[in-house]
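Subject: Structure for your review

Dear colleague,

Please find the structure below, together with its sequence.

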Amino acid sequence: MNRWTARLLMLLALALSPGIALATAIGEPLAFDSEAQRQQYETLTRELRCTVCQSETIHESNAELAADMRRRVYRMTLDGQEADAIVDFMVARYGDYVRYRPPLQANTALLWASPFLLLAGGLLVWWQVMRRRARPDDEPQFTDQERAALERLRRGD
């Protein structure tokens, strides 16, 4: 057996060994003490953003950080912590960006206002373009010599 095969078999054995996984994988069955804990876990994993993927929740993301965050939410939920305390912990660790719906604060005001600012900017550009199109174009001023040349071109001379 060559060394690559041995390494591959060792990695496969480690991956399949129970208790080796360091993070909660997507779709891994989890045990909860109550239905309320399961619901809290599901809600939080769908409301917290993966800071690596940035466009996915930690529920959807395959990133290692998201798995670590899922594991942390799971453990804190089992320890009986309330959802607000878990969110506060995640915000303290990763910042307000970890929330899909960050609160309206001075440091997130631009985030909340940006869609409206972009819309206003787009409308301003559209209005400027429409205004320029509506203006009648000024007739080009030609000299007598240029008019005579254009007239010859029109006649085909």
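Helix H2 (residues 35–47) packs with helix H3 (residues 64–78) at an angle of about 150 degrees, and their axes are 10 Å apart. Axes are lines fitted to C-alpha atoms, for helices over the stretch in contact, and angles run from 0 to 180 degrees between N-to-C directions. That angle makes H2 roughly antiparallel to H3 (angles over 145 degrees count as roughly antiparallel, under 35 as roughly parallel, 65 to 115 as roughly perpendicular, and the rest as oblique). Helices here are DSSP runs of H or I with at least four residues, strands are runs of E with at least two, and both are numbered from the N terminus.

This is a predicted model, in which local features need pLDDT of at least 70 and side-chain atom pairs count only at pLDDT 80 or more, while totals for chains, interfaces and linings use all residues. Residues are numbered from 1 along each chain as its sequence is written, and side-chain values use heavy atoms, with hydrogens and water left out.

Where H2 and H3 meet, Gln 37, Gln 40, Tyr 41, Leu 44 and Thr 45 of H2 are in contact (heavy atoms within 4.5 Å) with Arg 70, Val 73, Tyr 74, Thr 77 and Leu 78 of H3.

H3 also packs with H4, at an angle of about 145 degrees and with axes 10 Å apart. The residues that make this contact include Leu 65, Met 69 and Val 73 of H3, and Ile 86, Phe 89 and Met 90 of H4.

The largest nonpolar core has 17 residues. Such a core is a set of buried Ala, Val, Leu, Ile, Met, Phe, Trp, Tyr and Cys residues joined through side-chain atoms within 4.5 Å; buried means under 20% relative accessible area, exposed over 50%, and partly exposed in between, with a 1.4 Å probe and protein chains only. Leu 48, Ile 58, Val 73, Met 90 and Val 98 have the most contacts inside this core. H2, H3 and helix H4 (83–94) each supply at least two of its residues, and the largest share, five residues, comes from H3.

Buried residues make up 20% of its 157 residues.

Yours sincerely,
A colleague
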